[in-house]
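Visitor: Hi! Could you walk me through this one while I have it open?
Guide: Happy to, let's look at it together.

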Amino acid sequence: MTSYTNKVEKFEDYVKKTPYYFVERFFNENHIEDYLSGYEFKDGLLINNETKKLLKCSELLKEDTVIIPEGIEIIEDEAFANNTILAVVEFPSTLKRIGDHAFYNCEKLEFVRFHQSRENVCQDV
């Protein structure tokens, strides 16, 4: 029998490899919320409210600005990678870590705003 932790790890590994649209569709069609709690699709972002992680941003944003919700502590590796729309990102004061290559190849990204001075939040962004 697969443990809850293993299910979470498998789902989050799938998320990293798959475009947002397909993740959202898979999530809804397979009723993932029935056996994995805490996940939410909000304004083009996939968030795990229990672990306070932002896992992925939609490649098809409606706006070029993303305001990451308060409470998010971690932006996962490659969460925004290859986004062709994103120009502005506002980080919450609760942010503790930005994963590797989180904004890789976001060619239109021009402005980021931190609510507080942050040291060691970013390494290989």
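**Cores, rings and backbone**

Visitor: Which residues touch the most other members in the largest nonpolar core?
Guide: In this predicted model, the largest nonpolar core has 19 residues, and Leu54, Ile68, Ile75, Phe80, Phe91 and Phe103 touch the most other members.

Visitor: And which elements give two or more residues to this core?
Guide: Those are strand 2 (45-48) and strand 3 (53-57).

Visitor: What does Leu54 touch, leaving out residues up to four places away in sequence?
Guide: Leu54 is in contact with Leu45, Leu46, Ile68, Ile72, Ile74, Ile75, Glu76, Ala79 and Phe80. Apart from the core of 19 residues lies another core, which has 12 residues, including Val8, Tyr20, Phe27 and Tyr39.

Visitor: Switching to rings: how many aromatic pairs are in the whole structure?
Guide: A search turns up 10 aromatic pairs. One of them joins Tyr20 and Phe41, with 5.6 Å centre to centre and 80° between the planes, an edge-to-face arrangement. Tyr20 belongs to helix 2 and Phe41 to strand 1, so this pair links distant parts of the chain, 21 residues apart.

Visitor: Why is the pair of Phe27 and Phe41 edge-to-face?
Guide: Because their planes are at 70°, and planes over 60 degrees apart count as edge-to-face. The ring centres of Phe27 and Phe41 are 5.1 Å apart. This pair also links distant parts of the chain, with Phe27 in helix 2 and Phe41 in strand 1, 14 residues apart. Phe27 is buried, as is Phe41.

Visitor: Which residues do ring pairs link into a cluster?
Guide: The cluster is made up of Phe11, Tyr20, Phe27, Tyr39 and Phe41.

Visitor: Where is His31, then?
Guide: His31 sits in the loop between helix 2 (20-29) and strand 1 (39-42).

Visitor: Why does His31 count as partly exposed?
Guide: Because its relative accessibility is 43%, and partly exposed runs between the buried limit of 20% and the exposed limit of 50%.

Visitor: And what about phi at Glu78?
Guide: Glu78 has a positive phi too, near 60°, and is a residue other than glycine. Glu78 is found in the loop between strand 5 (74-75) and strand 6 (88-90). With a relative accessible area of 46%, Glu78 is partly exposed.

How values were computed. Residues are numbered from 1 along each chain as its sequence is written. This is a predicted model: local features need pLDDT of at least 70, side-chain atom pairs count only at pLDDT 80 or more; totals for chains, interfaces and linings use all residues. Side-chain values use heavy atoms; hydrogens and water are left out. A nonpolar core is a set of buried Ala, Val, Leu, Ile, Met, Phe, Trp, Tyr and Cys residues joined through side-chain atoms within 4.5 Å. Buried means under 20% relative accessible area, exposed over 50%, partly exposed in between (1.4 Å probe, protein chains only). Helices (H or I, at least four residues) and strands (E, at least two) are DSSP runs, numbered from the N terminus. Contact means heavy atoms within 4.5 Å. Rings of Phe, Tyr and Trp (its six-membered ring) pair if their centres lie within 6.5 Å; planes under 30 degrees apart count as stacked, over 60 as edge-to-face and the rest as tilted.
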